[in-house]
Amino acid sequence: MLHLWEILGTLVFCVSGAIAAREKEMDWFGMFVVGLITGTGGGLLRSVLIGDVPPRMLTDPLPFLLALGAVVIALLGAAWWRKIRRVVSTVDALGLGLFTVTGIRIAESKGLPWWSCLALGVITATFGGLLRDVLRNDVPLVLRKEIYATASLIGGLAMLGMTHLRWPDGAVLVTTTAIIVTIRLLAIRYAIHQSQDG
Amino acid sequence: MLHLWEILGTLVFCVSGAIAAREKEMDWFGMFVVGLITGTGGGLLRSVLIGDVPPRMLTDPLPFLLALGAVVIALLGAAWWRKIRRVVSTVDALGLGLFTVTGIRIAESKGLPWWSCLALGVITATFGGLLRDVLRNDVPLVLRKEIYATASLIGGLAMLGMTHLRWPDGAVLVTTTAIIVTIRLLAIRYAIHQSQDG
Amino acid sequence: MLHLWEILGTLVFCVSGAIAAREKEMDWFGMFVVGLITGTGGGLLRSVLIGDVPPRMLTDPLPFLLALGAVVIALLGAAWWRKIRRVVSTVDALGLGLFTVTGIRIAESKGLPWWSCLALGVITATFGGLLRDVLRNDVPLVLRKEIYATASLIGGLAMLGMTHLRWPDGAVLVTTTAIIVTIRLLAIRYAIHQSQDG
């Protein structure tokens, strides 16, 4: 069940990358590469930083298949994708939450200090999008729109607190993800209202 | 003999980087760095991803010398370099082919699955140019002009097939490189005709 | 005493990154990330290239605290920071020198050849600023303004020579740093005069 959500989160990240690539008139290879890096770049950077190589992306074919699917969606279903924007935002927020949790847990298993685990959680969740924007030749969105990384950061801090208080693992995971999804979706709704007022 | 062609391929990559750097008004250090990364960045990324560190670039001085030579060519011989454009394109295509072959063979020696070897072959052949364009602050050319990476990808697929059929190693290498060079040079010729029509 | 100067050098690098991020209208997270990467990116890349993972940045909280301090300075004290420009330039040059020395010494301890140690020294000293400019979506300044990297390179070469001649370690360190600081500050003064003439 958890695995299913993580796959959906990765797919949404990949599609956001592939569509962003298409907007810059990249070809299918560009869409594939940018999609793949958006979906896996954060985890990849974490793996390289903690010496966890080769990264999972090179031993599990799933991300490649998801990036291929993302190219198809970006080419054929971009209009449909925009129509289900609310669903996409929710799954994206879910991906943000699950990636933060995964990143922190893997860093903890390497015995790193808490602030380092927190940093690796945020990196796992947000650096795929950062690399997407570097490849698109834009200033990374995540460095300009605070509420994306902040949601990951607050959720990660809460997770470290709950772990410290010896909450059961499932409760920590669900609560952390819920916090991140809530903050992220509230931020989107608030931003939409702002632009309607403007 | 093979080694000689690989050196020539690296040199052509380095010069393309150094000239691209000069076009952005970089100084000698910028030309050197961008040239070096264009020639070695793909292999470097492969090394880091599979834990093959320090990369060859830090133990074999040849790439540094080639990048220095590339700076000299970019400063003094850029006009002459453009005149021998056909030779340059051919050697560049040869580099594309040889780098793909090398990347796949090294990935295979690490016991990675076939699709992962293919990915590392394409990364070895194309990510030097990608990093060149990131440093030049451009959208990477390889993500916009399909036939470059596609040539590497088709050749790599053929190579995996031939290896699976137990062709002798020399035949695999020569055939793969020939496929990639042919596709790449046909793509260039076709593109030239297009622009003459336009 | 040495440690204090290295901390000051890192802080100046971080503040330069945070201010550069603010100029691109990044938020606090962007200022923090760009500041941190400017201060630690060179050492991080060196660590990844020589397999020295996890990098010190993930086990020693000091760089994180310095980057947080840099965000505060960029938000509240940017005007004051510009007023003490001479002090900042001097500490920045000191950072350039100390980072070069550190990078070379660590590379030597891994048994790498001299030209490779020199490259890793220059990378340690200059690639933080390079990554800062990539994240800001600019052509990296260090690739366009020669005297920054050149100072690191000349000092590094001198250091290798002194080590070869078996100078005592303290003398090597002080002389190398002094050479780099002098070249860098002379370059700044010369550039100022140029722009006054222009």
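In the predicted model considered here, the contact between chains A and C (heavy atoms within 4.5 Å) takes 27 residues from chain A and 24 residues from chain C. About 1900 Å² is buried between chain A and chain C, 75% of it on carbon and sulfur atoms, where buried area is the accessible area (1.4 Å probe) that two parts lose on being put together, summed over both. Leu49(A), Trp115(A) and Leu143(A) supply 34% of the area that chain A buries against chain C, more than any other three residues. Across this interface of chain A and chain C the rule finds 0 salt bridges, a salt bridge being a side-chain nitrogen of Lys or Arg within 4 Å of a carboxyl oxygen of Asp or Glu. By class, the side of chain A that touches chain C has 18 nonpolar, 5 polar and 4 charged residues, with Gly counted as polar.

The contact of chain A with chain B takes 24 residues from chain A and 27 residues from chain B, and these two chains bury about 1900 Å² between them, 75% of it on carbon and sulfur atoms. Phe29(A), Leu58(A) and Asn137(A) supply 31% of the area that chain A buries against chain B, more than any other three residues. Across the interface of chain A and chain B, 0 salt bridges are found.

Residues are numbered from 1 along each chain as its sequence is written, and chains are lettered from A in the order in which they are written. Local features need pLDDT of at least 70, side-chain atom pairs count only at pLDDT 80 or more, and totals for chains, interfaces and linings use all residues, while side-chain values use heavy atoms, with hydrogens and water left out.
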